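The following note sets out points for a colleague who wishes to examine the interface and the sheets. Please read it alongside the model.

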Amino acid sequence: MPSITFISSSGEARTVDATNGSTVMETALQNGIPEIEAECGGACSCATCHVYVDAEWTEKVGGPSPMEEDMLDFAFEVKPESRLSCQIKVSDTLDGLKVHTPARQG
Amino acid sequence: MTETIKTDAVIIGAGPCGLFAVFELGLLDIKAHVVDILDKVGGQCAELYPEKPIYDIPGLPEVTGQQLTENLMAQIKPFEPTFHLSEMIESLEKLPDGSFRLGTNAGTVFETKVVIIAAGGGSFQPKKPPISNVDEYEGQSVFYAVRKMEAFRGRDILVAGGGDSALDWLLNLQPLANSMTIVHRRDDFRAAPDSVNKMRALVAEGKVNLVIGQIGELKGPGGKLEAAAVKLPDGTVSEIKCDALLPFFGLTMKLGPLAEWGINLEQNLIPVDTEKFETSEPGIYAIGDINTYPGKLKLILSGFHEAALMAQSAIRRINPDKKVVFQYTTSSTNLQKKLGVA
């Protein structure tokens, strides 16, 4: 079972188990990770599940699709490593993934 | 002072559950007024995912948010609901006779026997940029919507965002403005290509200043904006002179004024019973995503069921003397007459 570490805006890290095929956003909600709102429930329509992929992982996770890139316009403090966590699918290759959550989603 | 609208039912929220509540109330001869803060019906289905397919509406293997909204509007047409769009219920007070007085931000006043809160995740409100002192400037220098274009004549306007709202207002206000700047985080705009082309032409003519970056800080004393600091992609900061900022970062859902109506809340949701879907205040019902009860699932189909049971209780409150006979639309001539098919 892959694990994912969420690091809050204040630097607090929480490592949780994730299921292959689910999304990083779903994993966050199931584990009560603060700073992930996911208002639209995973439809890539609201930009309130914004995360920064840790520098070590950006290559493996890859960049956003054009639709996700458009949606990131609605997020704040967007950086090159910004992704919407509802669009990142968990798999064995992402075991150990680290993402940082922003102080504000919307 | 506008005239008070006297009615049997006011539905707060024109999402799928609010719309279907019109149907269920209509079958029982209850006419409804529907209020929604958006300028269109459909709620999240229309605002968040109009083109995305929904797969769990019974009897509709695949339907988009927009189609579902259109279907519901066709289904409730016989009941002639009155819509009050782009309005938000701000106040609710109980009257001595057990009815309720509601007031909207546009000055509309209702007196109604029942209130149905079908507000989903709350009311859609503009996302505020995460600038620590933005509140100080709101209303004077920072605006999330344009009410009167004239108010912007001669001003140094800064528009933030890359979608249709940002570009539409840029194009509309540019001829009035003393100067017009647009700041967007990338040199790619998701707005309609025609608007983007027009904006680029104005940039080429030197009439619009395009800055790629993100707004960091606002400057100016006492809510009077003088400049905005913009973080550029290379990490440097550029100060842009402006006295009006229009941020367009989409909408977010906030619980809004209903938190102050004296109804019990549990983690921003309204607890209800599962017989009537009534709140802690008799006569005020809550259906759809906004309510909570043991086993609650935030599904559109759950909201439809809740609307049907709510209506059975609402009719007894609105018209206690009326004998309510349960009927099917397939066989009841009475119901079919109401639907305009018999």
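Buried area is the accessible area, taken with a 1.4 Å probe, that two parts lose on being put together, summed over both. The points below concern a predicted model.

1. **Extent of the interface.** On that definition, chain A and chain B bury about 1,800 Å² between them, and 47% of this area lies on carbon and sulfur atoms. Within chain A, the residues that lose the most area to chain B are A:E39, A:D73 and A:F76, which together account for 35% of what that side buries. Counted by contacts, 21 residues of chain A touch 20 residues of chain B.

2. **Polar and charged pairs across the interface.** The rule finds 6 salt bridges between chain A and chain B. The side of chain A that touches chain B comprises 11 nonpolar, 4 polar and 6 charged residues. Polar contacts across this interface amount to 17 residue pairs, with both residues at pLDDT 80 or more.

3. **Individual salt bridges.** Side chains of opposite charge can pair when their charged atoms come close. One salt bridge links B:R185 to A:E69, with the closest N and O atoms 2.7 Å apart. Another is formed by the side chains of A:D73 and B:R186, at 3.0 Å from N to O. This second pair crosses between chains: A:D73 sits in the loop between α3 (66–71) and β4 of chain A, and B:R186 in the loop between β11 and α6 (193–204) of chain B. A:D73 is also one of the residues named above for the area lost to chain B. Over all chains, the structure holds 26 salt bridges.

4. **The sheet of chain A.** Chain A contains an open sheet of 5 strands in the order β2-β1-β5-β3-β4, with mixed pairing. From one strand to the next, the twist averages 35°. Within chain A, β3 (residues 50–53) and β5 (residues 97–100) pair in the antiparallel sense over 2 bridges. A:V53 has A:V99 of β5(A) as its bridge partner.

5. **The four-stranded sheet of chain B.** Chain B has an open sheet of 4 strands, ordered β12-β11-β10-β16, with parallel pairing. Strands β12 (209–212) and β16 (244–247) of chain B form the edges, each pairing on one side only. The twist here averages 20° from one strand to the next. Strands β10 (residues 156–160) and β11 (residues 179–184) of chain B run parallel and pair over 5 bridges. In β11(B), B:M180 is the bridge partner of B:I157. Helix α5 (residues 164–173) of chain B packs on this sheet and touches β10, β11 and β16 of chain B, its direction making about 170° with that of β11(B).

6. **Pairings of β1 in chain B.** Which strands does β1(B) join in parallel? Strand β1 (residues 4–12) of chain B is joined by 8 bridges to β8 (residues 109–117) of chain B, and the two run parallel. In this pairing, B:I5 stands opposite B:F110 in β8(B). Strand β1(B) is also joined, by 4 bridges and again in parallel, to β2 (residues 32–36) of chain B. Here B:H33 in β2(B) is the bridge partner of B:V10.

Key:
Residues numbered from 1 in each chain as written. Chains lettered and ligands numbered in written order. Predicted model: local features only at pLDDT ≥ 70, side-chain atom pairs only at ≥ 80, totals over all residues. Heavy atoms only, no water. Pairing = 2+ DSSP bridges. Axes fitted to C-alpha atoms, helices over the stretch in contact; angles between N-to-C directions. Contact = heavy atoms within 4.5 Å. Salt bridge = Lys/Arg side-chain N within 4 Å of Asp/Glu carboxyl O. Polar contact = N/O pair within 3.5 Å; in protein donor to acceptor, adjacent residues only side chain to side chain. Nonpolar A, V, L, I, M, F, W, Y, C, P; charged D, E, K, R; others polar.
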